[in-house]
Amino acid sequence: MDILMLSAKSIVFILPSYFANATPVVLGGGTPIDFNKKMWDKNRVFGRGKTIRGFFAGIFAAILVGSAQALALPGTWLDLYPGSPSHYVFAGTLLGLGTMVGDLAGSFVKRRQGMEQGKPSFLLDQLSFLLFALLFAYPVASQHIYPESAAFLALVTYFVHAGANILANKIGLKKVP
Ligand code: CTP
Ligand code: MG
């Protein structure tokens, strides 16, 4: 398999995670997942940027993307799970769950570092959701998760995330790019 094909497959593979990460910006809001609770350091557990609705909206988006992939990709050159379309839905679900848990973990660390909600943190914003997404999906998609694919996705995620945040800021969805 050539490198272009592997790169394309990696990106198709991670799409549910990207949608999970982006959806709460539009559909999030409401009750914060930490119920406004603070920790020993007097900072919020996760902060007001992490809401229950956003958490579930993200997972739901990933499941939808996985389902769309299950309908669209079997039999094409981008088929990630030949012979088992339901695998797209399993992988999508786990990628979504991992993404949202990783997003929470990133915010948890940011709050412990005393960072205000919304302040950008290079590694925590971009890579914690990716790392958790890959870990969660590993049991059902280990064939798509290996050092080179993870490194490639980390790089792609960095640029996509930076670009998407600038865009979201320009169109007024996010106050801080
Ligand atoms: N969001 C949400 N629920 C989540 C995750 C995100 O409602 N579980 C929404 C919030 O409106 C949040 C926005 O998506 O402000 C952007 O998410 P993100 O950049 O991950 O959070 P930040 O607000 O930057 O907060 P933090 O500093 O904790 O990363
Ligand atoms: Mg942010």
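Reply: Let us begin with one contact: the side chains of Arg44 and Asn36 make a polar contact of 3.2 Å. This is a predicted model, where local features need pLDDT of at least 70, side-chain atom pairs count only at pLDDT 80 or more, and totals for chains, interfaces and linings use all residues. Residues are numbered from 1 along each chain as its sequence is written, chains are lettered from A and ligands numbered from 1 in the order in which they are written, and side-chain values use heavy atoms, leaving out hydrogens and water.

Me: What counts as a polar contact?

Reply: A pair of N or O atoms within 3.5 Å; within protein, one must be able to donate a hydrogen and the other to accept it, and residues adjacent in sequence count only if both atoms are side-chain atoms. Here, Arg44 also has such a contact with the side chain of Asp34, at 2.9 Å.

Me: Is Arg44 buried or exposed?

Reply: Buried means under 20% relative accessible area, exposed over 50%, partly exposed in between (1.4 Å probe, protein chains only). Arg44 has 16% relative accessibility, so Arg44 counts as buried.

Me: Which side-chain atoms lie by the oxygen atoms of ligand 1?

Reply: An N or O atom in the Ser107 side chain is 2.6 Å from a ligand 1 oxygen. For Lys110, a polar side-chain atom lies 2.9 Å from an oxygen atom of ligand 1, and for Asp103 the distance is 3.3 Å.
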